[in-house]
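Here are my notebook entries from a look through a new structure. Have the sequence and the model open beside you as you read along.

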Amino acid sequence: MFTNDIELLQKERDLPAEKLADIIEGKTDQESLFHTADSIRQEYYGKDVYIRGLIEITNICRNNCYYCGIRCDNTAVQRYSLSIDEILQCCRVGHDLGFRTFVLQGGEAGLHSEEFISETIRKIKANHPYTAITLSIGERTYDEYLHWFEAGADRYLLRHETANSAHYKKLHPENLSLENRKKCLWDLKQIGYQVGSGFMVGSPFQTTENLIEDLRFLQELQPDMIGIGPFISHKNTPFFAYPNGDFQKTLRLIAILRLIFPYALIPSTTALGTIDKNGREMGIKAGANVVMPNLSPIAHRKEYELYDHKICTDEEAAESIKALEKKVSKAGYQIVTDIGHVSGYRAKKG
């Protein structure tokens, strides 16, 4: 019966809530779930795993989210912000290593003006015209998103974190709202970005029903990219004493996402590798098809600590990609340097 539920999810890309709950909670044949998800990702993407070069441009943030290590009330963190020249140097190093997508990620810092980001985008594209730029710098205005798109940004990552309003309020201060987070995602889609969203697995107060709401919201949004990872606590946040998210449940949700969104770009995250030494490889086997090695200056990596014990903070970019290539190859896949726009895969299979 449980295997039939997995097959039905593969064919229909949907299930009643109680059946989704069974799969999320591990009451199904997990081996069959992972095998089916992997077969779908191979149908769409073969053995290819895309690399994205992550550049953490600042750990300055105006927000005070209760789970985040760079929240503005954390006075223990050493703050930094990269200059445009420093960002361009990261891109040069990454391009020489084969990266064709750069992800500019950072806290919601007021000092990174609309023009600063626009100029950075234009200069990256001038230096490396056959690359894609992904932004992940939080909630901004429609006009800012539009200007960055016009400057040459291709993609935008903005995880909704939880699609349940009451749960959202338990994770964020009063000045932040799920309503505005969703509005930003719809604005990005309207402008023309390739849009990524996603959620934490095992965040404080989360229920299986919340996770089903996350899946339902993503079905409505139809994002190009979906990033999920286990909640990992940070010692300098209000949630320091809460348990980390469940690793196996995170893998099951990656597989579920692959069944529902067969075309999607789904990363096997650093958080997975932090919570389990083989986490990123296992994420790929469960249906993920993207990895994001860090191109940030080593001097600042430990300062961009969203959660405790983050891996790969002391590896040179070249070392990191070589180690990751070996792990991906050992798992039976291959890293490729294509830009990897998702639109072609949507059209390929419908």
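I started with a charge over a ring: K47 lies over the face of Y333, at 5.0 Å from the ring centre. I keep in mind that this is a predicted model.

Next I looked up the aromatic rings. I found ten aromatic pairs in the structure. For Y45 and Y50, the ring centres are 6.0 Å apart and the planes stand at 85 degrees, so I noted the pair as edge-to-face. Are these two buried or exposed? Y45 is buried, because its relative accessibility is 4%, under the 20% cut-off. Y50 has a relative accessible area of 1%, so Y50 is buried as well.

Y145 and Y156 gave me another edge-to-face pair, with 4.9 Å from centre to centre and 70 degrees between the planes. Y145 sits in helix α6 (residues 142-151) and Y156 in strand β5 (residues 155-157), so this pair ties together parts eleven residues apart in sequence. Both Y145 and Y156 are buried. I also saw that Y145, W148, F149, Y156 and Y193 make up one aromatic cluster.

The whole structure has two cavities of 30 Å³ or more. The second largest cavity holds about 60 Å³. Its lining includes L54, R280, M292 and K310. I sorted that lining into five nonpolar, three polar and two charged residues.

My last stop was E86, in helix α4 (residues 84-96). E86 counts as partly exposed because its relative accessibility is 35%. From E86 to G273 I noted 187 residues in sequence and 27 Å in space, C-alpha to C-alpha.

Methods
Residues numbered from 1 in each chain as written. Predicted model: local features only at pLDDT ≥ 70, side-chain atom pairs only at ≥ 80, totals over all residues. Heavy atoms only, no water. 1 Å grid on protein atoms, 1.4 Å probe; cavity = no way out; pocket = protein on both sides within 12 Å on 5 of 7 lines; lining within 4 Å. Points joined across faces, edges and corners; volume = space filled by probe spheres on them. Nonpolar A, V, L, I, M, F, W, Y, C, P; charged D, E, K, R; others polar. Helix = DSSP H or I, 4+ residues; strand = E, 2+ residues; numbered from the N terminus. Buried < 20%, exposed > 50% of the residue type's maximum accessible area, 1.4 Å probe, protein only. Phe/Tyr/Trp six-rings, centres within 6.5 Å; stacked < 30°, edge-to-face > 60°. Lys NZ or Arg CZ within 6 Å of the ring centre and 35° of its normal.
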